[in-house]
Amino acid sequence: MEKAFAYICASEKAPPSQLRRYCRKVYELGYVPICPRLADGQYLQIENQEESRDFQAISRQKLGRCRMLVVCGREISHSMTGEIGAAEKRNIICTTLDGLAQIKEVE
């Protein structure tokens with residue numbers, strides 16, 4: 001069974017343990033979580049300016065392959081605003097983690 005990709009949009013301040021919880025919840029709701037901050041942060045040094053640009057480019061590519069963007073957390077950071085704007089330009093569905101859970105409850 002094919003599952004849709006869901007891009008995890010979270011604050012750069014979110015610790016890896018929180019990102020894993022977001023991914024787990026999205027997985028439990030029936031989607032494949034794509035979380036660049038968790039995955040790509042394992043091998044890229046975000047403090048390095050060149051690698052930070054590479055991280056941004058990789059994240060945009062991953063977002064473009066997702067069916068939806070899931071906003072996680074209570075606050076929206078500057079980088080999250082950019083990701084949401086990029087998703088809207090590509091007509092990618094934007095929702096919150098709570099909104100996604102409510103949709104699944106109705107189904």
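Predicted model: local features only at pLDDT ≥ 70, side-chain atom pairs only at ≥ 80, totals over all residues.
Contact here means heavy atoms within 4.5 Å. The residues in question are Phe-55, Ser-59 and Leu-63, which are buried in helix 3. Viewed down the axis of helix 3, these buried residues fall within an arc of 65°, so they line one face of the helix. Helix 3 itself has 16 residues and spans 23 Å from its first C-alpha to its last, close to the 22 Å expected at 1.5 Å a residue. At its N-terminal end, helix 3 is capped by Asn-48, where a side-chain oxygen lies 2.9 Å from the backbone nitrogen of Glu-50.

Just after helix 1 comes Gly-30, with a positive phi of about 100°.

Pro-36 lies in helix 2 and has a relative accessible area of 1%; because buried means under 20%, Pro-36 counts as buried. Leaving aside neighbours within four places in sequence, Pro-36 is in contact with Tyr-7, Gly-41, Phe-55, Ser-59 and Lys-62. Pro-36 and Thr-95, in turn, are 59 residues apart in sequence and 18 Å apart in space, C-alpha to C-alpha. Asp-40 is placed in the loop between helix 2 and helix 3, and its relative accessibility of 3% makes it buried. The side chain of Asp-40 makes a polar contact of 3.0 Å with the side chain of Tyr-43. Beyond residues up to four places away in sequence, Asp-40 touches Phe-55, Ile-58 and Lys-62.

Ser-11 shows that a loop residue can be buried too: it is found between strand 1 and helix 1, and at 18% relative accessibility it falls under the 20% limit, so Ser-11 counts as buried. Its side chain reaches the backbone nitrogen of Lys-13 at 3.0 Å. With residues up to four places away in sequence not counted, Ser-11 touches Arg-37, Ser-77 and Met-80.

Strand 3 (residues 68-71) and strand 4 (residues 93-96) run parallel and are joined by four bridges. Within this pair, Val-71 stands opposite Thr-96 of strand 4. Together with helix 4 (residues 78-89), the two strands make a right-handed β-α-β unit. In the loop between helix 4 and strand 4 sits Asn-91. Its relative accessible area is 70%, and because exposed means over 50%, Asn-91 counts as exposed. The phi of Asn-91 is near 60°, a positive value in a residue other than glycine. For background, most residues other than glycine have a negative phi.

Terms used:
Residues numbered from 1 in each chain as written. Heavy atoms only, no water. Pairing = 2+ DSSP bridges. Right-handed = clockwise from strand over helix to strand, strands pointing away. Buried < 20%, exposed > 50% of the residue type's maximum accessible area, 1.4 Å probe, protein only. Polar contact = N/O pair within 3.5 Å; in protein donor to acceptor, adjacent residues only side chain to side chain. Expected span 1.5 Å × (residues − 1). Arc of directions from axis to C-beta.
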